[in-house]
Amino acid sequence: MRRSTLLSPAVVPAVIVPLAILAALGTFSTASHAQQPRPVTPRGPLDAQEQNNIAVFRRVSPSVVHITTLSQQRDFFSRNVTEVPSGTGSGFFWDEQGHIVTNFHVIRGASAAKVTLSDQSSFDARLVGVDPDRDLAVLRITAPRERLLPVPMGSSRELLVGQTVYAIGNPFGLDQTLTRGIVSALNREIESLTQRTIRNAIQTDAAINPGNSGGPLLDSAGRLIGVNTSIFSPSGGSNGIGFAIPADEVNRVVPQLIQHGRVIRPALGLTAGTEQLRQVLRLPKGVVLIGLQAGGAAQRAGLKPFMRGRDGRIVGGDVITAVNGTPVSDLDTLLNELEERQIGEKITLTVWNGGKTRQVQAQLTSD
């Protein structure tokens, strides 16, 4: 029997047609419907927290600035000196005269600085004053009055753990960034670049990343309660522990920087020995005097420094162990105690010498 050349249905080769072609030929009846944008589901009004977030940002963000620091660089071949960007940070308007508060470490070592406002206008800034011990600095720009919008002033003394806080700044150079968190802890101590202790610092979990430094920390009313200054992070990024210089300290320091270019502090006029010296001499905790300023408060009060005799041996002197009854363990704690006083104020020093303790009256002078 002659075989047929027709293939049976069971062995007909399969033909694969792309879905896109089938859809174009109208094979799927629902294709035209699937290509239409989905309707938007209406939402209700924003909740109270969201509305406050938006309100605070809109109200305060025009007061926050982006700071770009410049440093001089000399070309190897031409020897020409140019200024190149060296770092960025944040700041905010303090008053209507164009004064801007930021961190000292933001502008440290810079030869110049430029300030960019929220409307992206840029101005050259001049340095007014610095307080490295409190990591604060003041710049000033000349700009139209309507652009100089100071941040409303608050108080850090009234804060409670758990309050909502906002940070506005320029992390990683990204302008006008808002983060929200709470006051995680109060009365923290952080160290400045000069290794002085900044007391009563505010701890917050609001994200504070590089570039946020110098920006404002705000309460839920949009008032200044601190200046963002540092984070505790092995990686260098925000991990939920940020710190801010308390607003009450800022409000004490900044007016002096504007008026004098520095902070004029009450002083005793003394030079202190190192902790190593204190331990070697087996002296009690306190401030070991190794030098006195001529005519200073400590010299006028009759205090005596440690010194070397003609034979090279150390002659015993005084160790200040308390101020007005408050113990001082080192120079840092002594200076912090003095900063709570006024120039011309009389204080009582507890002084140790040779195993005996006495009380000495001293009248503070300026540093």
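Visitor: Which residue takes a positive phi near 70° in the hairpin of β8 and β9?
Guide: Happy to start there. In this predicted model, local features need pLDDT of at least 70, side-chain atom pairs count only at pLDDT 80 or more, and totals for chains, interfaces and linings use all residues. Residues are numbered from 1 along each chain as its sequence is written, and side-chain values use heavy atoms, with hydrogens and water left out. The hairpin has five residues between its strands, and the one with a positive phi near 70° is Q195.

Visitor: How many bridges pair β8 with β9?
Guide: Strands (E, at least two residues) and helices (H or I, at least four) are DSSP runs numbered from the N terminus, and two strands pair if DSSP finds at least two bridges between them. Strand β8 covers residues 177-191, and its A185 stands opposite Q203 in β9. The two strands pair in the antiparallel sense, and the number of bridges is five.

Visitor: Which residue of β12 stands opposite Q203?
Guide: Strand β9 also runs antiparallel to β12 (residues 242-246), joined by three bridges. Within that pairing, the residue opposite Q203 is F243.

Visitor: What separates the C-alpha atoms of D205 and I241?
Guide: D205 lies in the loop between β9 and β10 (216-219). It is partly exposed, with a relative accessible area of 35%. D205 and I241 are 36 residues apart along the chain, yet their C-alpha atoms are separated by 5.3 Å.

Visitor: Which residue of β5 is the bridge partner of V115?
Guide: Strands β4 (residues 112-116) and β5 (residues 122-131) run antiparallel and are joined by four bridges. Their hairpin has five residues between the strands, where Q120 takes a positive phi near 75°. As for V115, its bridge partner in β5 is F123.

Visitor: How far apart are the closest N and O atoms of D119 and R147?
Guide: A salt bridge here is a side-chain nitrogen of Lys or Arg within 4 Å of a carboxyl oxygen of Asp or Glu. D119 and R147 form one with closest N and O atoms 3.6 Å apart. The pair links distant parts of the chain, D119 being in the loop between β4 and β5 and R147 in the loop between β6 (136-140) and β7 (164-169), 28 residues apart. D119 is partly exposed at 44% and R147 is partly exposed at 30%, while the N to O distance asked for is 3.6 Å.

Visitor: Are D133 and R265 buried or exposed?
Guide: These two form a salt bridge, the closest N and O atoms being 3.9 Å apart. D133 sits in the loop between β5 and β6 and R265 in the loop between α5 and β13 (266-267), 132 residues apart. With relative accessibility of 17% for D133 and 11% for R265, both count as buried.

Visitor: How many residues apart in sequence are the parts tied together by D367 and R262?
Guide: Their side chains meet in a salt bridge (3.3 Å, N to O). D367 is partly exposed at 43%, and R262 is partly exposed at 39%. D367 lies in the segment after β22 (365-366) and R262 in the loop between α5 and β13, so the parts tied together are 105 residues apart.

Visitor: What span does helix α5 reach from its first C-alpha to its last?
Guide: Helix α5 covers residues 247-260, and its buried residues include A247, V250 and V254. Just after the helix, G261 takes a positive phi of about 85°. The expected span is 1.5 Å times one less than the number of residues. For the 14 residues of α5 that expectation is 20 Å, and the helix comes close to it, reaching 20 Å.

Visitor: Where in the chain is confidence highest?
Guide: pLDDT is the predictor's confidence in each residue, from 0 to 100. The chain mean is 86, and 84% of its residues reach 70 or more. Confidence is lowest in helix α1 (residues 19-24), at a mean of 48, and the highest, at 98, belongs to strand β3 (residues 99-102).

Methods. Buried means under 20% relative accessible area, exposed over 50%, partly exposed in between (1.4 Å probe, protein chains only).
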